[in-house]
Amino acid sequence: MTSSVTSSVTGSGTGSVTGSVTGSVTGSVVLGPSGLVVDGEEKALLCASLFSFRLPREEWAARLAQVRATGYDAVDVYLPWNFHELEPGRWDFTGRRDVGTFLDLAHEAGLLVVARPGPYICSEWDGGALPAWLTLEPGLRLRQAEPRYLARVREWFDQVLPILAARQHGRGGSVVAVQLENELDFFDCDDRAGYVGALAATAREHGITVPLVACAGQGDLVGATGGVDGVAPAFNFYPDDRSPHVEAEVRRYADLVADRGLPLLVTETNRRHVTLRRLLVSGATLLAPYLQASGFDLGYTPSVGNWGDPGSFMTHDYDFGGFLSPVGAPRPETAQARVLAAVVRTLGPALARGVPRAAPGAYATSAPTSASPSCLGLDGGGSLLGVPNLGESWAEALLPVDAEGSATVEVALPPASCLLVLRDLPLGRFGAPGTLRLSTADLVAAGPTGLELAGEGRAVLVLEAHDGRTTLVELAAPAPGAPVRATARAGDDRWEVVLRHPQDVPGPGESSAPPVPAGDVDADPAQDATVRVTDVARAVRLDLPVRDGRPEAYDLPPASEEVGVHRGRTHYAADVTGAAALLLEGAGDMVDLALDGVVRPTLARFGATTVVATGGASRLTATVETWGHANFDDARLPGLRAGSLRGLGRVWSVAARDDVSAHWSVGGGEQWAGDPAPLRTLGGWSSTRVGRPVTYRRSLPVDGVRHHALRLDGVPGAVDVRVDGARRTVTAEDPWLHLAPGEGADVVVTLSHTPGALSGAELLRLDPVRGWQVEAQPDTALVGLAARPAPGADVGLPLDLEPGDEAWFDVALPPGGWSLWFAGTQVRVSAFAHGELLGRVWLDDPAAPRFSGGRPTRLWLPAAWNEGGLRLLVRATAGPNRPQLARLRTVATQE
């Protein structure tokens with residue numbers, strides 16, 4: 001028999017929502033000026049990003065426990081739509097996709113949860129979690145209040161929101177907020193209110209009663225929320241940690257939301273605690289540094305993004321330097337996490353209700369510091385001043401002892417730190433006597449018996465007794481494991497004071513602090529004598545095919561997604577007899593071409609138009625692998641657009657080429673009043689008009705029947721082009737315009753004049769290449785091949801291969817967890833274990849793009865997935881060097 005228990009959960013702008021929930025408990029979540037108030041407890045919250053989909057299920061509980069041990073109160077959890085809808089209509093919430101169990105484990109660990117179901121999440125994840133097949137539907141427009149897209153979103157929300165609703169705080173879970181969308185202010189949305197309003201209405205229909213939030217990526221509050229009632233704005237700040245202007249910017253947003261009766265919620269920011277402290281004293285009541293707990297993009301799940309020049313491939317090693325490495329190793333910053341968590345815990349509601357203000361002249365220092373320091377007025381008396389040292393060397397600061405400033409104290413500022421200076425704090429709230437008039441060390445605990453402080457340098461305290469008498473206490477800098485103790489007296493009052501090194505501050509519920517590593521072993525594991533480092537000497541080359549599907553005939557080359565390859569590879573072949581050159585439009589991500597069997601360097605240009613000379617070849621073959629879909633929306637390259645498809649793209653035979661650099665009429669505004677306008681070469685014009693708009697215009701020799709492509713040489717960044725009145729943009733990264741039959745009778749190019757820019761133009765006449773054989777090889781097919789038993793022959797490392805070679809290898813490994821470090825030249829390696837792709841590396845190839853995120857040559861084999869070894873798929877690429885897998889080094893991560 002079950003019982004019904006009333007659950008009262010208050011959401012932002014919605015009032016109190018009460019309902020009967022079987023087997024739940026009563027609880028409340030209120031979003032007010034002091035932040036997210038859970039069961040009436042007002043407290044600034046520290047929140048670490050931790051993503052179940054970037055970890056093996058076997059690691060979930062341990063990683064959650066590691067976060068809780070730092071003192072962080074919460075985790076923010078993305079839920080990627082395309083991780084659970086594997087193909088249209090096929091859903092999976094089991095095994096590593098069992099997000100309900102992950103949320104239950106977070107609750108058991110004592111962590112609150114900010115759930116982020118999107119539908120778009122970014123997170124440098126494949127397509128930002130939007131399924132790759134969405135844009136195959138005619139008329140569907142991503143992230144818009146558009147019926148077809150909203151219908152697909154509702155299907156996702158119908159699956160995921162019940163999981164969240166059942167695990168809200170007050171219903172037996174710990175979900176205290178739900179974020180809708182993600183950084184919508186970066187995206188061109190036609191009807192923000194309609195779109196966000198539709199998401200919010202669906203969330204409420206599914207029983208989400210906790211506060212709804214929407215985060216602004218570039219500070220546009222209404223751009224992120226649509227101004228929808230009941231959807232609270234949150235903000236993502238990613239400043240330079242050394243910028244002196246952080247405090248003033250953050251205070252501006254704290255004031256902005258305070259005028260609406262709301263708190264400053266920082267849903268993403270930098271990892272370093274020096275910056276988190278600066279945000280805290282500037283008014284943030286939720287601090288959620290992005291990716292304090294790193295992980296791995298297991299499977300074919302990284303994205304391509306706009307972090308490079310302009311594009312990059314995200315590494316499988318997903319790491320931005322948070323306090324837990326991708327393999328779960330703690331980093332030195334864990335000590336700073338425990339200290340800041342202890343400060344927040346100790347000051348409690350007084351800190352959460354604090355009001356920030358500028359504090360000019362509050363201290364003096366020669367160190368690089370804030371241009372406008374922040375001081376947080378604490379509720380109930382006292383203040384907390386931030387004193388940053390933004391340099392990399394120890395420095396000194398002078399602080400007034402009292403409000404009159406008649407005396408000063410000199411305090412040490414560690415490198416890259418922010419001292420939190422307490423003033424005038426009544427100690428009665430802790431059961432201790434008197435007032436703490438000044439403390440230059442972090443207050444990490446307080447009680448009737450005394451005060452516990454933390455700091456790396458010497459500290460000064462000024463304590464005032466009930467009768468007004470004061471005492472100044474100077475404490476020497478503590479060493480790890482050697483706290484400094486003192487007894488302070490003033491009048492009849494007495495305080496026991498202890499100053500600990502930050503490494504000695506325990507987490508919640510701990511009697512002592514765990515050891516802090518001296519450095520990041522991931523950075524150079526071979527230098528750490530405490531871990532096992534081994535070079536693999538032998539492998540087995542397997543007699544196993546690299547593909548075993550059947551090609552199908554197509555008139556034109558389909559996109560990978562059109563043949564069911566949402567992740568994986570697609571193989572193409574066609575007769576190109578008679579074509580002197582081919583034009584490829586939109587090919588990506590990794591395109592391995594061969595002409596009559598001669599392998600060419602890999603193309604990985606994010607869909608930029610490319611001309612390939614055939615050399616008289618008659619047969620084109622191509623293997624196109626998807627690294628990932630764009631997680632952002634960048635107009636500079638086709639493959640970086642949101643919803644862009646993968647595959648070989650459009651392939652054309654170049655039938656003719658015309659130089660169209662000359663005979664452009666030039667308009668310079670008030671420069672000329674004459675008619676007709678001057679007729680000049682494209683780009684040639686007066687240097688007296690630098691920076692002013694100039695327009696070039698002409699008709700092109702198009703035949704009205706064929707397709708054409710226009711290339712503009714020397715594009716300076718981007719130029720505006722109108723083709724027969726329709727506006728387009730051409731960028732330096734992809735300076736081509738495709739002209740359909742009949743287009744190009746009137747072309748107008750407008751740009752801000754720069755001498756030497758737009759150095760010429762060429763028009764190509766195109767004929768489509770027809771008659772294709774196409775073989776789909778989705779990720780499931782590749783993983784299936786990797787699991788197939790096969791005989792083989794023993795070979796030694798290094799492995800030498802010929803361009804275009806591709807083969808399977810088995811590598812034996814002893815039990816335990818391993819970091820896998822690869823080295824070589826012009827090879828791509830995919831590593832498989834436990835029925836999964838661990839990840840891919842691309843070694844020393846000039847054709848490779850920039851890699852972002854983590855370490856591009858490292859993968860991870862978790863201990864629970866180690867079944868005795870690895871299976872490697874190694875592909876040799878063409879280029880200036882001989883392909884070779886030179887080394888596989890294994891570094892122990894778990895025993």
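Q: A salt bridge is a side-chain nitrogen of Lys or Arg within 4 Å of a carboxyl oxygen of Asp or Glu; which residues are linked in a network of salt bridges?
A: This is a predicted model, in which local features need pLDDT of at least 70, side-chain atom pairs count only at pLDDT 80 or more, and totals for chains, interfaces and linings use all residues. Residues are numbered from 1 along each chain as its sequence is written, and side-chain values use heavy atoms, leaving out hydrogens and water. The network of salt bridges links Asp-317, Asp-319, Arg-331, Arg-855 and Arg-858.

Q: How many residues apart are Arg-154 and Glu-205?
A: Relative accessible area (1.4 Å probe, protein chains only) counts as buried under 20%, exposed over 50% and partly exposed in between; Arg-154 is partly exposed at 34%, and Glu-205 is exposed at 55%. Helices (H or I, at least four residues) and strands (E, at least two) are DSSP runs, numbered from the N terminus. The structure holds 57 salt bridges, and in one of them the side chains of Arg-154 and Glu-205 meet at 3.0 Å, N to O. This pair links distant parts of the chain, Arg-154 in helix 4 with Glu-205 in helix 5, and the two are apart by 51 residues.

Q: Buried or exposed: what are Arg-277 and Asp-442?
A: The closest N and O atoms in the salt bridge of Arg-277 with Asp-442 are 2.7 Å apart. Arg-277 is in helix 8 and Asp-442 is in strand 27 (residues 442–447), 165 residues away. Both Arg-277 and Asp-442 are buried.

Q: How many residues of helix 8 are buried?
A: Helix 8 covers residues 273–281 and is mostly covered.

Q: Within what arc do the buried residues of helix 5 fall?
A: Helix 5 (residues 192–205) reaches 20 Å from its first C-alpha to its last, close to the 20 Å expected, where the expected span is 1.5 Å times one less than the number of residues. Tyr-195, Val-196, Leu-199, Ala-200, Thr-202 and Ala-203 are buried in this helix. They line one face of helix 5, because, seen down its axis (by the directions from the axis to the C-beta atoms), they fall within an arc of 160°.

Q: Which residues have the most contacts inside the largest nonpolar core?
A: A nonpolar core is a set of buried Ala, Val, Leu, Ile, Met, Phe, Trp, Tyr and Cys residues joined through side-chain atoms within 4.5 Å. The largest one has 168 residues, and helix 9 (residues 333–352) gives the most to it, with ten residues. Those with the most contacts inside this core are Leu-820, Phe-822, Leu-870 and Leu-872.

Q: How many residues does the second, separate core have?
A: Leu-820, in the largest core, touches residues beyond four places away in sequence, including Leu-813, Leu-838 and Leu-888. A second core is separate and includes Trp-685, Val-694, Leu-710 and Val-721; its number of residues is 23.

Q: Which residues is Leu-679 in contact with, leaving aside neighbours within four places in sequence?
A: Leu-679 lies in strand 44 (residues 679–680) and is exposed, at 54% relative accessibility. Its C-alpha is 6.2 Å from that of Val-666, which is 13 residues apart from it in sequence. With contact meaning heavy atoms within 4.5 Å, Leu-679 is in contact with His-663, Trp-664 and Ser-665.

Q: How far is the sulfur of Cys-122 from the closest cysteine sulfur?
A: A disulfide is a pair of cysteine sulfur atoms within 2.5 Å, and a search of the whole structure finds zero. Cys-122 is buried, at 6% relative accessibility. The closest cysteine sulfur to Cys-122 is in Cys-215, too far for a bond, at 9.4 Å.

Q: What is omega of the peptide bond from Gly-118 to Pro-119?
A: Pro-119 sits in the loop between strand 9 (112–118) and helix 4. The bond from Gly-118 to Pro-119 is cis, with omega near 20°.

Q: What is phi of Asp-424?
A: Asp-424 lies in strand 25 (residues 417–426) and is partly exposed, with a relative accessible area of 35%. It is a residue other than glycine, yet its phi is positive, near 55°.
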